[in-house]
Amino acid sequence: MSQGEVLAATKPKRQKQYSGFALGIGLTLIIALVAKYLAGFPFLSIMGQLVIAILIGIAWRATIGLPEQLVTGTNFSSKKLLRLGIILLGMRLNLMDIVNAGPKVFLIAVIVITFTLSVVYGLAQLFKVEKRLGILTACGTAICGAAAVVAIAPQIKAKDDETAIGAAMVAILGTIFTLVYTFLYPVLGFSPNGYGIFSGATLHEIAHVIAAAAPGGNDAVDMAVIVKLTRVTLLVPVAILIGIWASRAEQKEQGGSSKTSWKSIPIPWFILGFLLVSGFNSLGIVSADIASVIVTIAYMLIAMAMAGLGLNVDLVTFRRLGMKSFAAGLIGSALLSCLGFALVYLLGLA
């Protein structure tokens, strides 16, 4: 067979691969758009676009299935588009707002993250949750929900199903606690400012924080978002530290030295990109309207990634792995709420 005949024979195969790749990305885009639409409804707005996208993806896989030729496209969304989305999400953050919030808010964020990472991961180990899933659940609960889960996943070489389950469990937990906070607001005794700090310090997703703080008015919402974004900035050092820890643990398991050189540290460049974009946004060069558009695009890309992750999850695996991690996250979230309540009063911010 001549070279021309070989190329002619392989051309339909390549076209089929390209078509499947494009259809896979298109499917995640459709799911992300549907999720954005559904997130506009009252109750579903608490869950947010990211949670809805991952749940639709899981439901699609369980009912309709995912043709093999689409997998390359859905994987592209869940990995490459995810990183781009997280980088662009930096436009959501103005570092000057965090500086102006004062040292007490930063202290609360550090205490909350340190406590929650330790407690939720410890509970996950106690409940015999797979190690990587336990770390993801702890990070999602401690920092910023699904975005933290998918940002930390590459650092610990988590599987797609572990990432998807971790993101979904943490997001569902946040939704539950958002509803609880809304009912408890009248009896907590906080000022709008104090309630905003409490909500921002203890809830999981940005959508959860905004929804929960709403009963306290605009002042509560503004403060809640600032406190929440203070936790988000700590994603970068946490990701680096977890990467170092995971690298050392892997080397130790392989019988090598547990020492890690700076060259071998898994640097999450896309998270550093997030921080750089945040710094650029803090300069005030970009108008609020343009920044808002970029953030909307970022959430769309991350929602496509969530859809891609959901499409790769088998429902049986979801049930098998998800319940124990949910229990660890539930207890950890309850303890986090108690800690946040105490810190707001102890630091005189109520």
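Predicted model: local features only at pLDDT ≥ 70, side-chain atom pairs only at ≥ 80, totals over all residues.
Two helix contacts involving helix 7 are considered to begin with. Helix 2, which covers residues 42-63, and helix 7 have axes that come within 10 Å and cross at roughly 175°. Because angles over 145 degrees count as roughly antiparallel, helix 2 and helix 7 are described as roughly antiparallel to each other. On the side of helix 2 the contact is made by F43, I46, M47, V51, I54 and L55, and these residues meet A164, A167, A168, A171, I172, T175, T178 and L179 in helix 7. When the residues of this contact are divided by class, 12 are nonpolar and two are polar, while no charged residue takes part.

Helix 7, spanning residues 160-188, also packs with helix 9, spanning residues 206-213, and here the axes lie 9 Å apart at an angle of about 10°. Since angles under 35 degrees count as roughly parallel, helix 7 and helix 9 are roughly parallel to each other. Helix 7 contributes A171, G174, T175, T178, Y181 and T182 to this contact, and helix 9 contributes H208, A211 and A212. By class, the contact of helix 7 with helix 9 has four nonpolar and five polar residues, and again no charged residues.

Attention now turns to charged side chains. In general, side chains of opposite charge can pair when their charged atoms come close. The structure holds two salt bridges. In one of them, E162 pairs with R132, and the closest N and O atoms are 2.9 Å apart. E162 belongs to helix 7 and R132 to helix 6, so this pair ties together parts that are 30 residues apart in sequence. E130 also forms a salt bridge with R132, and in this case the closest N and O atoms are 3.8 Å apart. Through the partner that they share, E130, R132 and E162 are joined into one network. The accessibility of these residues can be set out as well: E162 is buried, with a relative accessible area of 4%, whereas E130 counts as partly exposed at 32% relative accessibility, and R132 counts as partly exposed at 23%.

Aromatic side chains form a further group. In general, a pair of aromatic rings is described by the distance of the centres and the angle of the planes. The count comes to 10 aromatic pairs. One of these is formed by Y185 and Y195, whose ring centres are 4.4 Å apart and whose planes stand at 50°, so the pair is classed as tilted. The pair links distant parts of the chain, with Y185 in helix 7 and Y195 in helix 8, 10 residues apart. Y195 counts as buried, at 0% relative accessibility.

Most residues other than glycine have a negative phi. K128, however, has a positive phi of about 60° although it is not a glycine, and the phi of K157 is likewise positive, near 55°. K128 is placed in the loop between helix 5 (103-126) and helix 6 (131-152), while K157 lies in the loop between helix 6 and helix 7. K128 is exposed, with a relative accessible area of 67%, and K157 also counts as exposed, at 55% relative accessibility.

Finally, two residues located within helices may be described individually. G200 lies in helix 8, which covers residues 192-202, and at 0% relative accessibility G200 counts as buried. When its neighbours within four places in sequence are left aside, G200 is in contact with V209, A224, V227, K228 and R231. L44, by contrast, is placed in helix 2 and counts as partly exposed at 26% relative accessibility. Not counting residues up to four places away in sequence, L44 touches L38, A39 and I52.

Note on methods: Residues numbered from 1 in each chain as written. Heavy atoms only, no water. Helix = DSSP H or I, 4+ residues; strand = E, 2+ residues; numbered from the N terminus. Buried < 20%, exposed > 50% of the residue type's maximum accessible area, 1.4 Å probe, protein only. Contact = heavy atoms within 4.5 Å. Axes fitted to C-alpha atoms, helices over the stretch in contact; angles between N-to-C directions. Parallel < 35°, antiparallel > 145°, perpendicular 65-115°, else oblique. Nonpolar A, V, L, I, M, F, W, Y, C, P; charged D, E, K, R; others polar. Salt bridge = Lys/Arg side-chain N within 4 Å of Asp/Glu carboxyl O. Phe/Tyr/Trp six-rings, centres within 6.5 Å; stacked < 30°, edge-to-face > 60°.
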